[in-house]
Amino acid sequence: MKRVEITDRAAEIVKQLKAKHGDLIFHQSGGCCDGSAPMIFEKDDMYLDESDIFLGEVEGVNFYMNQDQFEYWKHTHLTVDITEGRGASFSLEIPLGLRFLIHSRLLTKEEDAFFNMKA
Amino acid sequence: MSYSKPKFKEKYSNFINGKFVPPVGGDYFENTSPVDGTLIAKYPRSQKEDVDNAVDAANAAKDAWGNTSAAERAALLSKVADIIEENLEEFAVVETCDNGKPIRETLNADIPLSVDHWRYFAACIRAEEGSATELDQNTLSMNIKEPLGVIGQIIPWNFPLLMLSWKLPPALATGNCVVLKPAEQTPSSATLLMEKIADVFPPGVLNIVHGFGPEAGKPLASSPNVDKVAFTGETTTGQLIMQYASKNLNPVTMELGGKSPNVFFNSVMDEDDAYLDKAIEGAVLFAFNQGEVCTCPSRILVQEDIYDAFMERVVARTEAIVQTSPYDVNSMVGAQASNDQYEKIQSYFKIGKEEGAKVLTGGEAHKQDGDLAGGYYIKPTILEGHNKMRVFQEEIFGPVVCVTKFKDEAEAIEIANDTLYGLGAGVWTRDAHQLYQIPRAIKAGRVWVNCYHAYPAHAPFGGYKKSGFGRENHLMMMSHYRQTKNMLISYDKNKLGFF
């Protein structure tokens with residue numbers, strides 16, 4: 001069972017970016033302008049600690065979200081997708097004229113029990 | 001009356017050291033208009049080398065500029081204000097074309113407010129003084145304000161010229177040189193401004209570098225030759241910029257958005273008068289600028305005993321919104337700034353509905369005909385639900401508001417503060433006690449009381465919590481761009497006697 005998945009076309013872009021930049025991470029942003037969207041960076045570009053929750057791996061890339069934000073997201077399942085667009089953040093796909101975005105749905109009862117009712 | 005798409009050149013340059021220079025690598029990107037999806041022009045796809053050239057030019061200019069008199073700098077700021085004002089219509093049409101916002105807003109808000117911010121800081125720097133204190137009979141402490149040096153500024157696309165005009169004047173007025181990167185979605189008005197004011201400042205004082213965040217924004221934010229970075233945007237990029245700043249031990253200011261509550265107490269409906277009419281408009285202001293405002297009043301909280309009657313009026317007013325061509329002076333809501341924003345907003349409609357939010361109006365894209373078919377239009381939307389839903393917690397950055405009800409003051413405050421952010425808030429009431437007590441209890445940097453979405457230069461603006469820190473506007477902003485030089489002077493002829 002996975003909390004976060006990725007569409008084929010988005011996985012294709014992740015592969016391209018990995019070939020160019022090496023190991024990568026996704027970090028879900030909040031806030032205005034280009035926020036509320038996942039951002040992809042070189043693995044060591046962003047300092048992560050226990051306040052960044054690991055949600056899973058998509059196309060070999062770890063997906064993180066800040067703990068405070070996770071509290072409001074943890075009942076939902078995420079799918080990373082890609083669309084044409086132009087963000088103003090430092091996310092590495094932007095020069096390709098593309099933007100990652102998140103599609104969400106509610107976790108099923110089974111998924112919710114699996115992820116959120118442990119211990 | 002209606003305007004049309006303005007004429008642009010085929011391509012534009014960066015503005016570095018007083019000249020328009022093409023990007024070193026020779027690469028450009030295509031900038032399109034969200035109004036109809038058509039090409040505007042090509043802009044430089046700058047890289048680190050271009051940013052470094054701009055930072056070098058700013059460093060070369062900073063000593064001379066930092067030693068100019070306040071009178072001299074104020075005169076130049078005023079000149080910029082006059083030039084924007086003289087070309088107000090031209091700037092307004094370019095801004096509408098590049099951002100998608102209705103011409104009604106650019107003519108009456110974006111551009112006139114920009115003018116005023118330049119004028120305000122021209123005035124502040126003349127009126128301001130340092131301080132001196134006699135610590136004892138023979139010791140004087142004198143505080144002289146000195147510029148930081150070179151400032152890197154990264155601005156967003158929602159109010160391109162206005163955000164530029166929030167950031168540049170206080171930095172320049174205080175004697176700093178600046179390298180500014182406009183958002184890649186909206187490079188046009190900054191470029192038009194440089195064309196109009198190319199000769200106003202000495203070379204190197206003001207530099208504009210275009211390009212993408214990872215290629216041009218990151219080198220600017222992490223440059224060891226920049227003395228401060230000011231950023232408006234979202235939390236992850238904000239966090240990255242703070243990391244880079246920590247390497248250089250540089251100060252930063254951050255404006256990172258919000259999920260602002262707009263709270264309506266039952267007394268608003270005590271009378272059916274001009275004030276109630278104003279309050280209803282205040283609720284509908286969520287649709288202002290297509291909701292692409294950091295302080296968008298994107299959560300409406302209504303006291304339960306007036307909920308049905310009040311929301312009936314709010315829905316009716318929302319449904320009366322005219323959404324035609326952004327170039328039409330009657331259009332009230334324009335296009336979202338880019339395709340990815342357009343898609344993101346629609347993905348929130350989906351999760352909102354799944355979580356059980358009820359669509360009171362809108363909830364879908366607004367398809368336009370003819371030339372506008374390629375634009376990114378969303379119907380102003382009201383979702384009814386509860387504050388734990390994701391649509392109540394995340395910045396959607398579209399003309400979308402989430403509404404819920406509260407019982408009493410305590411619950412209103414609890415819901416208002418149940419958010420990661422704290423940028424703006426609105427409080428609407430006829431009760432004199434609530435007018436003061438509720439705004440004090442809301443953890444946000446700006447609380448509008450019986451109004452919303454006013455941004456005068458003379459009032460400080462900035463966030464609590466994850467909305468960032470530091471303030472913009474107001475003369476206190478100048479302290480964000482300066483060092484304090486303390487001169488501690490002894491007038492005592494006698495030695496200490498230690499050695």
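Predicted model: local features only at pLDDT ≥ 70, side-chain atom pairs only at ≥ 80, totals over all residues.
View 1. Leaving out residues up to four places away in sequence, B:V178 touches B:A58, B:I151, B:Q153, B:L168, B:A171, B:L172, B:L206 and B:N207. B:V178 also belongs to the largest nonpolar core, which has 174 residues, and within this core B:L77, B:V178, B:V179 and B:F264 are the residues that touch the most other members. Because domain 1 (14–256 + 467–485) and domain 2 (261–449) of chain B both give residues to this core, it lies between them.

**View 2. The two domains of chain B and the contact between them.** Chain B is divided into domain 1 (14–256 + 467–485) and domain 2 (261–449), and the centres of these domains, taken over C-alpha atoms, are separated by 31 Å. Across the boundary, 17 residues of domain 1 of chain B are in contact with 25 residues of domain 2 of chain B. On the side of domain 1 that touches domain 2, helix 3 (88–99) and helix 4 (103–127) of chain B each supply at least two residues, and helix 4 of chain B gives the most, with three residues.

View 3. When neighbours within four places in sequence are left aside, the residues in contact with B:E255 are B:T232, B:C294, B:G462, B:G463, B:G468 and B:E472.

**View 4. The hairpin of strand 3 and strand 4 of chain B.** Strand 3 (residues 28–32) and strand 4 (residues 39–44) of chain B pair in the antiparallel sense over five bridges, with B:Y28 standing opposite B:P44 in strand 4. Six residues lie between the two strands of this hairpin, and B:G37 in the turn has a positive phi of about 80°.

**View 5. The contact between chain B and chain A.** Here 39 residues of chain B are in contact with 38 residues of chain A. On the side of chain B that touches chain A, helix 7 (213–222), helix 8 (235–248), helix 11 (339–354) and helix 12 (390–393) of chain B each supply at least two residues, and the largest share, seven residues, comes from helix 11 of chain B. The mean pLDDT of chain A is 94, with 98% of its residues reaching 70 or more.

Methods: Residues numbered from 1 in each chain as written. Chains lettered and ligands numbered in written order. pLDDT = per-residue confidence, 0-100. Contact = placed C-beta atoms within 7 Å. Core = buried A, V, L, I, M, F, W, Y, C linked by C-beta atoms within 7 Å. Buried ≥ 20, exposed ≤ 12 C-beta atoms within 10 Å, placed from the backbone. Domains from an automatic or database assignment. Pairing = 2+ DSSP bridges. Helix = DSSP H or I, 4+ residues; strand = E, 2+ residues; numbered from the N terminus.
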